[in-house]
Every structure is written in structure tokens, then in C-alpha cells.
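This report describes a single protein chain for a reader who has the sequence and coordinates at hand.

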Amino acid sequence: MPQMYLRHFARHAARRKYELMVRRLGRIGEPFPVTPTGIAAETGYYWGISADGVPHHAVEELFTSLEGRADSVLKVLLNDPEWALTPQWPLGPDQRHVLAWWMAAQILRTTRQRKRLTHRRAQAPDLTAVPDEVHQLAENNPHLRYIVENIVTLAITLEARPWALGFSDMCLLTSDTPVVVWNRPDEEDQIRAAALSDIMLPLDPHRFLFLPGPVTRQDDRRKEVDHLMHARGAVGMALVGVAYDVADQFVIHHPEHDPWKHWKPTGPSQPKSWEGETHSGPQYVLQYAVFPPDQNIERRWTIEHPPPRTPAAAHS
């Protein structure tokens with residue numbers, strides 16, 4: 001997982017020192033601290049081997065390039081000194097393009113995708129049109145081949161969708177599947193899934209991107225263009241649940257923004273066919289109101305939590 005992304009869910013403990021909380025799915029009640037460099041880091045995961053037996057790192061280098069450019073866009077979304085929802089929304093075309101490519105990479109690069117591909121043994125698509133170096137690299141790794149074949153179309157699909165920048169009252173988590181394709185996380189045609197599904201990317205403990213799908217948009221024409229949203233109460237809890245349900249091995253949250261204080265997983269998560277799971281996956285429907293563009297939320301609420309309401313205060 002990109003370290004620059006994980007730092008947005010980390011406590012800044014000291015100069016160049018960041019701390020996350022991680023929960024393994026098999027031991028979900030036992031969170032433990034870790035640094036961004038100490039989680040989801042596997043050397044050689046995106047390396048390929050040429051026909052001559054020479055290691056290639058072209059896909060890994062592509063991801064590094066995308067992360068460097070996306071980092072500056074994420075800072076625009078998250079670093080406004082006064083407001084939780086940046087006044088620089090919607091993003092400019094270049095910023096949107098950069099973030100769409102980065103999100104496409106996060107959909108395609110995950111361990112969940114690799115396990116899905118390995119399990120289904122999908123036939124490799126034709127790569128005759130791609131450069132020889134990348135073609136040779138992908139020949140030796142079906143997952144890299146899949147990334148090379150799909151990343152351009154997937155990025156274009158995401159870029160063409162309307163985007164919502166959102167604030168959640170509920171503390172959010174992320175996982176080793178950071179971009180969540182609702183209801184279709186393991187569909188064989190991931191381009192179709194990305195075109196038809198709601199899509200969510202948690203950005204930090206209280207902010208997220210949400211790309212409403214055609215069904216979600218049909219009740220409000222304002223959702224056909226970029227807009228803002230405020231996930232209140234149960235809606236924020238639902239966002240946590242959806243993100244949890246697609247995790248492959250672990251979830252991640254900020255040490256001081258722990259969803260488990262108000263939420264616990266219930267029911268089965270999205271099934272993992274590669275582990276022999278055959279149950280039906282949970283299906284989600286989200287209804288939300290467009291947040292007025294002339295209103296905002298103070299930045300301090302991305303850090304502070306309101307004090308608990310007492311019974312007396314609740315009835316005053």
C-alpha cells in the first residue's frame with residue numbers, strides 16, 4: 001500500500017515518525033501499532049521477469065510515479081487550514097486526471113485482485129499493442145498483465161464519473177483494499193463494475209471520496225456533477241462497514257480515531273472464493289443528501305470529537 005496514503009491515517013508521533021493501528025481480520029479484537037513502512041510492504045510484489053530472465057520493475061516504477069503526483073492532489077483535498085471540505089472543490093481537470101489514475105491503480109494492484117485472478121485462472125488478454133518491455137514483464141506475471149491491460153480504461157471510467165467529496169461524523173477506516181467497489185468487488189469485468197457501482201475511497205479518519213453509481217444518482221440531478229456530502233450518524237457507520245467488508249487481510253485506522261468505539265462488524269463480509277467461501281455477499285444501497293455548496297465544516301472536526309451527549313443534554 002502507498003505510504004503517502006497511509007500517513008493520512010497515522011498519528012504524527014515525531015519527526016518522520018508515524019503510527020497506525022492495524023487489525024488482522026483473523027484477530028480483529030487485537031489491534032496493534034505499526035508504521036506505514038511496516039505494513040503491506042512486500043519486496044518484489046510487482047516485479048516481473050523478462051523472456052531472458054532479467055527482473056523488471058516497470059509496473060512498480062509506474063506506481064511510484066502515480067503516487068508522487070497523487071500526493072499533491074490529496075494534500076489539496078486534506079490540508080486546507082480552515083475547512084474540512086476544501087474550497088478548491090471540484091478539482092481541476094489535471095488534478096482529477098492524476099487522482100483517477102492513482103485510484104485505478106489501487107483497484108487493480110491489491111492482494112484481493114491477485115488472489116481472485118489466480119483462483120479463476122482467467123485467460124490473459126491480447127497485449128500486442130503495448131510496448132515490448134511491458135509486454136515481456138507481464139508475460140511472466142498474470143497480475144501484472146491484468147494491471148497493464150486494464151489501467152487505462154479503468155482510469156478513464158473513473159475520471160468520467162461524478163465525484164463527491166465527503167465528511168463523515170463517524171471515524172473511518174481503510175484496508176488493504178483501499179478503493180471500495182460496492183456490491184461488485186470481485187466481478188470478473190472490473191471495468192463494468194467500476195462503471196455501474198458506487199465507489200468509495202477513505203481519505204483520512206473523517207473524509208472520503210464517493211463516486212455515486214447510476215442508481216444512486218437517479219434520485220437527484222445534482223449528483224450528476226461533482227458535489228459535496230456529509231455522512232451523518234448511521235450513514236458514516238455504513239461507510240465503515242462497506243470498507244471493512246472488502247478487506248483481504250487487515251484494516252487500518254488512526255490510533256485516536258477508532259471506529260470500534262462505536263461500531264462492530266456484523267454478518268458475513270464479501271465472500272473470498274479463493275478461500276472456499278460460497279455465501280452471498282452483502283449488498284449496499286446508500287441514500288444521502290447533497291451538502292449545500294455554500295456551507296462547510298470546520299477543519300477542527302477532522303481532529304476533535306464532540307463530547308458524549310448526556311441524557312439531560314439530549315432532552316434539553
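## A cis peptide bond in a loop

Pro90 is located in the loop that lies between H2 and H3; helices (H or I, at least four residues) and strands (E, at least two) are DSSP runs, numbered from the N terminus. The peptide bond between Trp89 and Pro90 is cis, with omega at about 5 degrees.

## Basis and confidence of the model

The model is predicted: local features need pLDDT of at least 70, side-chain atom pairs count only at pLDDT 80 or more, and totals for chains, interfaces and linings use all residues. Residues are numbered from 1 along each chain as its sequence is written, and side-chain values use heavy atoms, with hydrogens and water left out.

The average pLDDT (the predictor's confidence in each residue, from 0 to 100) of the protein chain is 88, and 85% of the residues score at least 70. Over residues 312-316 the pLDDT stays under 50, and the model has one contact beyond four places in sequence for this segment. Contact means heavy atoms within 4.5 Å. Where pLDDT is low, predicted coordinates should not be read in detail.

## Overall composition

The protein chain contains 10 helices and 13 strands. Of its 316 residues, 51% are buried; the term buried applies under 20% relative accessible area, exposed over 50%, and partly exposed in between (1.4 Å probe, protein chains only). Among contacts in the protein chain with a separation of 6 or more, 74% are between residues 24 or more positions apart.

## Packing of H2 and H6

Two packed helices are described by the angle between their axes and the distance between the axes. For helix H2 (residues 58-78) and helix H6 (residues 142-160), the axes come within 11 Å and cross at roughly 45 degrees. The axes are lines fitted to C-alpha atoms, for helices over the stretch in contact, and angles run from 0 to 180 degrees between N-to-C directions. H2 and H6 are therefore oblique to each other: angles under 35 degrees count as roughly parallel, over 145 as roughly antiparallel, 65 to 115 as roughly perpendicular and the rest as oblique.

On the H2 side, the contact is made by Val59, Leu62, Phe63 and Leu66, and on the H6 side by Leu144, Ile147, Val148 and Ile151. These residues of the contact of H2 with H6 comprise eight nonpolar, no polar and no charged. In this classification Ala, Val, Leu, Ile, Met, Phe, Trp, Tyr, Cys and Pro are nonpolar, Asp, Glu, Lys and Arg are charged, and the others, Gly among them, are polar.

Ala70 belongs to helix H2 and is buried, its relative accessible area being 0%. Not counting residues up to four places away in sequence, Ala70 touches Met4, Val98, Leu99 and Trp102. The C-alpha atoms of Ala70 and Trp102 are separated by 6.4 Å, although the two residues are 32 residues apart along the chain.

Asp71 is also found in helix H2. With 16% relative accessibility, Asp71 counts as buried. With residues up to four places away in sequence left out, Asp71 touches Met4 and His8.

## The hairpin and the open sheet

Strand E1 (residues 11-14) and strand E2 (residues 17-24) run antiparallel and are joined by three bridges; two strands pair if DSSP finds at least two bridges between them. His12 stands opposite Tyr18 in E2. E1 and E2 form a hairpin with two residues between them, and Arg16 in the turn has a positive phi of about 60 degrees.

An open sheet of six strands has the order E8-E9-E10-E6-E11-E13, with mixed pairing. Its edge strands, each pairing on one side only, are strand E8 (180-181) and strand E13 (290-291). Strand E6 (residues 164-168) pairs with strand E10 (residues 207-211) in the antiparallel sense over four bridges, and Arg207 in E10 is the bridge partner of Phe167. Helix H3 (residues 93-108) lies across E8, strand E9 (199-202) and E10, at about 90 degrees to E10.

His227 lies in strand E11 (residues 227-231) and, at 5% relative accessibility, counts as buried. Beyond its neighbours within four places in sequence, His227 is in contact with residues including Trp89, Trp163, Arg222 and Tyr288.

Asn183 is in the loop between E8 and helix H7 (190-196). Its phi is near 70 degrees, a positive value in a residue other than glycine. At 22% relative accessibility, Asn183 counts as partly exposed.
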